[in-house]
Amino acid sequence: MEIKSPSFKNEDIIPRKYTCDGEDYSPSLSWNKVSNASSYAIIVEDPDAPGGVFIHWIIYNIKENSLPENVPKKEKTDFGIQGINDFDNIGYNGPCPPRGHGFHRYYFNVYALSQDIPSSSKITAKELKEKMAKIVIDSGSLMGKYKRT
């Protein structure tokens, strides 16, 4: 599955607008429609965080094969259900690596699911991955980089 964004290309620098140094908007994303997919889920991860993989966004039960820019930071949206990230917030919080840490990589992982996930308040990435384990039929990733100066 190919993931695209008009905001940045794969392996490019994520613009400030989508980070904690800017407006902290979620970027617009699109991906190939997967036949037999009931819905899609997205988990955004920073594997370069000092404490291990850091989760920036969880959204699931997405019915379309795209998301607009700046999805509202609330649990239930017109686009899907959002979980709790490692900032302990609902919705998207963009790249915000420690200053002087160099570039971090941010993976926008999209999963095509054979069935919807039962709604769960404040679901974590770990919980979502457990619920998705046997129903992922395709996946893809878009990676962007960011560093703070």
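Set aside its neighbours within four places in sequence, and Trp57 is in contact (heavy atoms within 4.5 Å) with Ser26, Leu29, Ile42, Ile43, Val44, Leu67, Val71, Gln82, Asn85, Gly91 and Tyr92. Keep in mind that this is a predicted model, where local features need pLDDT of at least 70, side-chain atom pairs count only at pLDDT 80 or more, and totals for chains, interfaces and linings use all residues. Residues are numbered from 1 along each chain as its sequence is written, and side-chain values use heavy atoms, with hydrogens and water left out.

**Nonpolar cores**

- A nonpolar core here is a set of buried Ala, Val, Leu, Ile, Met, Phe, Trp, Tyr and Cys residues joined through side-chain atoms within 4.5 Å.
- Buried means under 20% relative accessible area, exposed over 50%, and partly exposed in between (1.4 Å probe, protein chains only).
- The largest core has 22 residues, and the ones touching the most other members are Trp31, Ile42, Trp57, Leu67 and Phe108.
- Two or more residues each come from β2, β3 (39-46), β4, β7 and β8 (136-146); strands are DSSP runs of E, at least two residues, numbered from the N terminus.

**Aromatic pairs**

- You'll find 4 aromatic pairs in the structure; rings of Phe, Tyr and Trp (its six-membered ring) pair if their centres lie within 6.5 Å, with planes under 30 degrees apart called stacked, over 60 edge-to-face and the rest tilted.
- One of them is Phe54 with Phe87, whose ring centres are 4.8 Å apart with planes at 75°, so this pair is edge-to-face.
- Phe54 is in strand β4 (residues 54-62) and Phe87 in the loop between β6 (81-82) and β7 (104-113), so the pair ties together parts 33 residues apart in sequence.
- Trp57 is buried at 0% relative accessible area, and Tyr92 is buried at 1%.

**Disulfide**

- The count is 1 disulfide, defined as a pair of cysteine sulfur atoms within 2.5 Å.
- Cys20 is joined to Cys96, S to S 2.2 Å.
- The torsion about their S-S bond is about 80°, so the disulfide is right-handed.
- Cys20 is partly exposed at 29%, as is Cys96 at 27%.

Technical notes:
Helix = DSSP H or I, 4+ residues; strand = E, 2+ residues; numbered from the N terminus.
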